[in-house]
Amino acid sequence: MEGRPADDSELIRRALRGEAAAYEEIVQRYQQVAFRTAYVVSGSAADAEDAAQEGFVKAFRALDRFRIGADLRPWLLRIVANEARNRVRSSGRRHQLELRLTEGFRPGDAAPSPEAVAVASDERRRLLEMVNGLSEDDRQVIASRYFLELSGEETAAVLGIPEGTVKSRLSRALARLRARVEEEAASA
Amino acid sequence: MPDLEQQLTDLGQAIAWPATPKLVISLPARRGGLGWGAPLMNRRWAMAAAAVLLILATLLAYTPSREAIARWLNVGVTITKVQHPPTPSALPSGTLGSELGLGLPTTLEQAQRQVKWKITVPAALGPPDAVYLRILPEGGEVSFVYAHVEGIPVAGETGVAVLVTEVQGQVRTEFFQKMLGPNTTIEDVVVNGHPGYWVSGSPHTFVFLDASGEAFPDTLRLATNTLIFADGGTIIRIEAYTSKERAIQIAGSLQAR
């Protein structure tokens, strides 16, 4: 998680009082997850950048309607994801989300967990290819939950569906992915 | 073989995301005078834009300038002076009061759950047509909006006849100077046994000490006669184009809901 709700509330109060630096801090805190979320929704880095920028401006305009005590991150991500969807819709073009693997961990990256090390590089590549080969709905719900590590509430906000639907959609997506993994293991 | 969900979580650590760009956010001016209009990351441009706007505003303030600019731009516009502007439509679109920057529409019950003081509602006006809750000032601000009240005209283009606002804080008379415009007067009154103030004219700003002890400049949304008084740490404002006596009568009917 980036930041705690209590800190966010303080930043919102300061931003509403006219402190530009406070909103700047909110932008800095959430710009990475906002941009990556928009990328998962739009499949395009250029659209994701535009959507994140416009999303932060729209969130600022709506800041005084933000509910007291609510969590800022899902609210922000919902606005950014809506913006990304609108861009895809209005441009009439849909980019296929193609996720790729890093070529090893670069200096400064977090050290991989022991479990991550245990998964062979080839297996990871094959698994990602299978995720990329899923339907858009399946790919987006898996990317939101496991790659962006969004909560159920945040995933629901980003995909514009109820939290219960996130659970059922994720369960079905995992079942389809598991079937492909088993199918490949059987044919190997 | 590790569990599929664990594999996916590990895979997430190795995704090559596109580099996150440095976002440049130009913030719009906020309604209600509590915000700012400058871009966050390019203030030099903002200052230049502000200077241009100031010059344009100064020029546009005078009819001869407006006409000269119209001729210069050759836009074929005829500017005429209207002594009596047409009556605006009775109600703006959307929820009543949604254009006033009062916060999020809510219900009395939900608003009560969000604030610490006991909300009171003027029985003389009946149930409000809309209820709003705002995150600021500290501790929240609850507003009741009334569209039609017998004998009280709708204020300007707002579609609102009476606006009642409740907030935690203290009235400080030393801040009253901020409210005083050329056509604004302040008179001491007594409301339900509490000292109060009748502000007549077109006040735009009311500054008070909020629950955190900080001076908070709030906007008087209807910019019309306003009754202000504090009741046990709660400041209540009644904005309406009405008489002092009627406003005090409305305040006298306030009851815990």
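**Exercises on the A–B interface and a helix pair**

In this predicted model, 54 residues of chain A are in contact with 49 residues of chain B.

**Exercise 1.** State the area buried between chain A and chain B, and the share given by carbon and sulfur atoms.

*Solution.* Start with the area. About 5000 Å² is buried between chain A and chain B. Next, the share by atom type. Carbon and sulfur atoms give 68% of that area. Then check the polar side. Residue pairs in polar contact between the two chains, both at pLDDT 80 or more, number 3.

**Exercise 2.** Find which helix gives the most to the side of chain A that touches chain B.

*Solution.* List the helices that each supply at least two residues: α1 (5-16), α2 (20-42), α3 (45-61), α5 (114-118), α6 (121-132), α7 (136-147) and α9 (163-187) of chain A. Now pick the top contributor. α2(A) gives the most, with 11 residues. Finally, sort the residues on this side of chain A by class. They divide into 32 nonpolar, 7 polar and 15 charged.

**Exercise 3.** Classify the packing of α6(A) against α7(A) from their angle.

*Solution.* Two values describe a packed helix pair: the angle between the axes and the distance between them. Here the angle is about 135°, and the axes of α6(A) and α7(A) lie 9 Å apart. Roughly antiparallel requires an angle over 145 degrees, and roughly perpendicular covers 65 to 115. Therefore α6(A) is oblique to α7(A).

Now name the residues. α6(A) contributes Leu128(A), Val131(A) and Asn132(A) to the contact. α7(A) contributes Arg139(A), Ile142(A) and Phe147(A). By class, the residues of this contact divide into 4 nonpolar, 1 polar and 1 charged.

Notes:
Residues numbered from 1 in each chain as written. Chains lettered and ligands numbered in written order. Predicted model: local features only at pLDDT ≥ 70, side-chain atom pairs only at ≥ 80, totals over all residues. Heavy atoms only, no water. Contact = heavy atoms within 4.5 Å. Buried area = accessible area lost by both parts, 1.4 Å probe. Polar contact = N/O pair within 3.5 Å; in protein donor to acceptor, adjacent residues only side chain to side chain. Helix = DSSP H or I, 4+ residues; strand = E, 2+ residues; numbered from the N terminus. Nonpolar A, V, L, I, M, F, W, Y, C, P; charged D, E, K, R; others polar. Axes fitted to C-alpha atoms, helices over the stretch in contact; angles between N-to-C directions. Parallel < 35°, antiparallel > 145°, perpendicular 65-115°, else oblique.
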